[in-house]
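Dear colleague,

I am passing on the structure below, and after it I set out what was found there. Please read the notes with the structure open beside them.

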Amino acid sequence: AGRPRRTPFKWSHTHAHPAGLFLFARVFSEMAPASSADGSVALNLNEPADPVLQGLASAGHSEYVRLYTAAATARRENTLAAVEALGAVQRAPCVDRAGRPVFLFYPSRLAAGGASGVTLERVTAHALLLMHEHVVARGGEYAVVWVTNNLEPDELGWRWFVSTYRMVPHAYHKQMRSLAVVHPAVSTRLTLLALSYLLRASFWDKLVYADRVEFLDEVVLPAA
């Protein structure tokens, strides 16, 4: 006897359950390649959620997550050039006396950012981008060198210090081992004094006023 012939399956609307069609359409739309503006094709893959950022958002640090995410997106899209060129926030090529990374802040450079559209918010977000992986994700300790310029305004007011202090996770407060302020102006000293109601007593043990750059040798190892 000959082998039985298979009857080919024919798709009919009678086989299509509405829920099944909806699921198929949703899966297909997520897997289908998306066309970019230049006609090239790129996969539309959703990145997995960052559990660290999710935890921060749940703990009341949604503004921190918003700024960090915006800076991370700008880095992926290669739109950080103007912020980086401003140089208001940098990671130093050297470390402190205990081998911890040092982050440099030049607030007087913020005034030059207006011409290129670099706002204080974008600079703040860039600072979080530079520091987040080490300070929050890894729980690493760090040092800060704050370089003031008595000839130019630093563009930072008391409210910015308060809002930023409250916005960042506790790891930034706990893991900072030293803050060296170079050429501290009277206004800088008064600002820190006004913030004393927010700052823990241990903060003052970490603060170093360096009236001259040479005094930074007590905190930072010179770059090789």
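**Salt bridges and a helix pair**

A search of the whole structure finds seven salt bridges, a salt bridge being a side-chain nitrogen of Lys or Arg within 4 Å of a carboxyl oxygen of Asp or Glu. Please bear in mind that this is a predicted model, in which local features need pLDDT of at least 70 and side-chain atom pairs count only at pLDDT 80 or more, while totals for chains, interfaces and linings use all residues. Residues are numbered from 1 along each chain as its sequence is written, and side-chain values use heavy atoms, with hydrogens and water left out.

One of the salt bridges joins Arg100 to Glu141, with the closest N and O atoms 3.1 Å apart. Arg100 lies in the loop between strand 3 (89–95) and strand 4 (101–105), and Glu141 in the loop between helix 5 (120–137) and strand 5 (142–147), so the pair ties together parts that are 41 residues apart in sequence; helices (H or I, at least four residues) and strands (E, at least two) are DSSP runs, numbered from the N terminus.

Glu141 also meets Arg177 in a salt bridge (3.9 Å, N to O), and salt bridges that share partners join Asp96, Arg100, Glu141 and Arg177 into one network.

Within helix 3, Arg66 forms a salt bridge with Glu63, the closest N and O atoms being 2.7 Å apart, and these two residues are three residues apart, about one turn of the helix.

Helix 3 (residues 62–76) also packs with helix 2 (residues 51–58) at an angle of about 145°, their axes lying 7 Å apart, where axes are lines fitted to C-alpha atoms, for helices over the stretch in contact, and angles run from 0 to 180 degrees between N-to-C directions.
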